[in-house]
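I opened my notebook to look at how a set of chains is put together. Here is what I looked up, entry by entry.

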Amino acid sequence: MKRMRGETLINLLLAGMLLLVPLAAWALEEPFYITLATRVAILALAAVGLNLALGLGGLVSFGHAAFFGIGGYAAGILATHGSDQMLVIWPVAVVLSGFVALVTGAISLRTSGVYFIMITLAFAQMIYYFAISWPAYGGEDGLSLSLRNAFPGIGTALPLNFFLICYALLIAALYLFARIRDSRFGAALQAARQNEVRLAAVGIAPFPIRLVAFVLSGMMTGLAGSLFADLNRFVSPSMLSWQMSGELIVLVILGGTGRLFGPVAGAMLFVLFESILGGFTEHWQLLLGLILLGVVLFARGGLVGLLAGKARHG
Amino acid sequence: MQTALLIEQILNGLQFGVMLFLMAAGLTLIFGVMGVINLAHGSLYMLGAFACAAVAAATGSFWLGLVASLAAAAAAGAIVELLVIRRLYDRDHLDQVLATFALILIFSEGTRWLFGSFPLYLDIPPLLSGAVDLPGGARYQLYRLAIIVVGIAVAIGLYLLIAKTRLGMRIRAGESDREMIAALGVDIRTLYTIVFALGAALAGLAGAMVGALQSVQVGMGEPVLILAFVVIVIGGIGSIKGALVGAALVGLVDTLGRFLLPLSFSFFLGPSQGATVGAALASMLIYVVMALILAFRPRGLFQAST
Amino acid sequence: MAETILAIRNLRKSFGALKATDDVSLELRAGEIHALIGPNGAGKTTLIHQIAGAVKQDSGTIAFLGRDIGGLGVAERARLGLGRSFQVSSLAPEFSALRNVMLAVQSQQGSSLRVFRRVMSDPTLTEPALKMLEQVGLAGRAHVAAAELSHGERRRLEIAITLALCPKAFLFDEPMAGLGPEGSKSLIGLLSELRREAPILLVEHDMDAVFALADRVSVLVYGRVIASGSVSEIRSNTEVRRAYFGEHV
């Protein structure tokens, strides 16, 4: 029980830090740090989505950038053509990415192991190449959003307001993740990760469970993508790139795969590296690579694992 | 005139396929024998290209550059295997993906550090410059033809190596049962290093050869790597024959698709619309084919070792 | 005569030139323990795989409670009441013993696509699971991770899991494997009681267990059933003795 409280403490700390930093920045009139915190919140949301499939389900998807980018393009295209209302854009982003996750997942999940990794990578690449060769929406150059999207009653152009929206969505996603993890569905999903033969032997087919998890996962990451496009007022095809997929996995690993606040810790670490290390040298990714290598070889539980010890499964 | 263009595109498809085969063969060997998925293979391809360009620029000889690319790639492969890959044999695929992804970052930024962000240029050697006359009135670059020949030679060489030599025998045994061959006294560690270095050398060779056709720059390896994955998925992991068939298929489908689809769509949609739609669809074509094949054969066409 | 729960007719399975299952017919009747024995490599595990649905047979039928299950997957057969244990313990290692059993309980209760109730505070899952653990004597180890259980405890956990499936038939693949004399004795007692819940098709090498438990024995050699009958009939059967001990008996 002591271990459980330890992790809860860490989680509260992380949630608190993520809220306090932009509040402090707002009080001190340093909007740059609010933007940074918003970036953390959005990346964390994307990573919570991936954590569902990867951390709970053991599905190593190297193509989650597809959903991130689809969400982004949904926001961008709608803002150009239809509506700039977040309450319209979010459902569209979620449904669209969910649909793509359903179709690609139905094919990819028939495979396993390295096949699955390669196929998810390939599908994301397909969408990436499609996006850059479709000039109507910017092609290689990407798509700009002229204004921040609107939310009824909130002045979303203000950095702090937009941050609070993203933060609220992140907390909601974390709550959903926790409910899923502790539910029957979550039990089946985690059992599928640990031993799918055992799961089938008790009468639960792994495929439908994994597919549903994959779709939910894609939806969450898609939502994050729409927010990301909104933050930057720009949709870049790089949101669909394999580098982005790798980055999302890194976020999950750095923080602690499968841990509730792992994505939050991972996003914080990553953005910190990006800003601090990036300030020293433009080759900061070399250092990131070395750190990542170190984490994989020596510190497998990520930051949350390091601080809170091994997860307990009751 | 049309036949000449078609023949040229088919040859381009084969040349592209050869390049993919060199990458895929190494990847599938490494996975088949050692059970490791290696994302850093694209970096080895890039390394080969950079080594060739750098040495060719310094010495004026493409051929010295080619030798350098093979040596550099093989050496880098051996070092990476000894320092990193060795620790991944017992790990799950996620760890392997992450560690080799980290290697991509290290190699890419490291290369950018050494050589800067601007592309290097590599010239086609005088011996292989010029064009060759083909039936139908086309002229085809001698250099590209040479690449196809090299690819076929490598395929034959690999076949002979694996089917007829003792090393090949150990490789085949290693693919079926890793623990057993260790128990039988085969020096697994050296075998693994050799296999990894061999795969790396093939990637470096591909990179060097293509470097003369396109520019040599950081990040050139990953798109090829991903296509090589498609090849392996289609062909079946662990199967060199699958890699050959898959590479030819992917090379031809992709190249011909990019040529024929815009053309066909232009009939219906007019030249500029048709070109756009056709190009966009052509970029997705090979993945659609992959998905279709997987729908019927989830483990590829030549479902090799488990 | 007792009702036939599981009927296997003319089952065949080849891997290339190797006939792993060569025209096998056998029956499992209500209330009995039917042991399947045979020398190593006889194809016993392959047969179990086919009955459980992990391997598809080349030809022949498998009927469970009168219904042809040959085309069904592993999960479907388990839901119909075919409870299987594995030769090498197959458990969810990170989950506790309790959670492992709760999975089976959850499966029996219906759809797993439910995301709102916390399983650990759901008595409709925890109570039946605990009861199963009590039945196999593991109640005290309910919250220990499966990976940390001893070998004998894992064997018993597997049985608890199959119990939770309200099985109509048990398929046990070498449950005695790796157990010392103490463990074997207690497991034999457990299996003997289980026969009242549902008949057991028992693959075993441990002859003491077979002779103590089995109502009927079938002998599998090179994929074929060479003899089938009561324990005493099998013990005196010359072909069986030849299969085990060679020509010089």
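**Entry 1: a helix across a sheet**

I began with helix H1 (residues 44–52) of chain C, which lies across strand E3 (33–37), E6, E7, E8 and strand E9 (216–221) of chain C and runs at about 150° to E7(C). Before going on I noted that this is a predicted model, in which local features need pLDDT of at least 70 and side-chain atom pairs count only at pLDDT 80 or more, while totals for chains, interfaces and linings use all residues. Residues are numbered from 1 along each chain as its sequence is written, and chains are lettered from A and ligands numbered from 1 in the order in which they are written.

I also wrote down my terms. Helices (H or I, at least four residues) and strands (E, at least two) are DSSP runs, numbered from the N terminus. Two residues are in contact if their C-beta atoms, placed from the backbone, lie within 7 Å. Axes are lines fitted to C-alpha atoms, for helices over the stretch in contact, and angles run from 0 to 180 degrees between N-to-C directions.

**Entry 2: the sheets of chain C**

In what order do the 6 strands of the open sheet stand? I read E6-E7-E8-E3-E9-E10 in chain C, with mixed pairing (two strands pair if DSSP finds at least two bridges between them). Strand E6 (82–85) and strand E10 (224–229) of chain C are at the edges with a single partner strand each, so one side of each has no neighbour in the sheet. From one strand to the next, the twist averages 15°.

I then followed one pair: strand E7 (residues 169–173) and strand E8 (residues 200–203) of chain C run parallel, joined over 4 bridges. Here I found C:Phe170 opposite C:Ile200 in E8(C).

Chain C also has an open sheet of 4 strands, in the order E2-E1-E4-E5, and its pairing is antiparallel. Strand E2 (18–29) and strand E5 (67–68) of chain C are the edge strands, each pairing on one side only. H1(C) turns up again here: it packs on this sheet, touches E1, E2 and E4 of chain C, and makes about 60° with the direction of E2(C). Strand E1 (residues 4–15) and strand E4 (residues 59–64) of chain C are antiparallel partners over 5 bridges, and C:Arg9 stands opposite C:Thr61 in E4(C).

**Entry 3: the domains of chain C**

Chain C is divided into domain 1 (4–81 + 167–245) and domain 2 (93–153); the bounds come from an automatic or database domain assignment. Their C-alpha centres lie 27 Å apart. I found 5 residues of domain 1 in contact with 4 residues of domain 2 in chain C.

**Entry 4: where the chains meet**

The contact of chain A with chain C takes 23 residues from chain A and 31 residues from chain C. On chain A's side, H7(A) supplies the largest share, 6 residues. I sorted this side into 13 nonpolar, 6 polar and 4 charged residues. No contact joins chain B and chain C, and their closest C-alpha atoms lie 15 Å apart.

**Entry 5: two helix pairs**

In chain A, the axes of helix H2 (residues 31–56) and H6(A) come within 9 Å and cross at roughly 20°. H2(A) and H6(A) are therefore roughly parallel (angles under 35 degrees count as roughly parallel, over 145 as roughly antiparallel, 65 to 115 as roughly perpendicular and the rest as oblique). Their contact has 22 nonpolar, 3 polar and 1 charged residues.

In chain B, the axes of helix H2 (residues 41–59) and helix H9 (residues 221–235) come within 8 Å and cross at roughly 130°. That makes H2(B) oblique to H9(B). Among the residues that meet, I noted B:His41 and B:Tyr45 in H2(B) and B:Glu222 and B:Leu225 in H9(B).

Conventions: Nonpolar A, V, L, I, M, F, W, Y, C, P; charged D, E, K, R; others polar.
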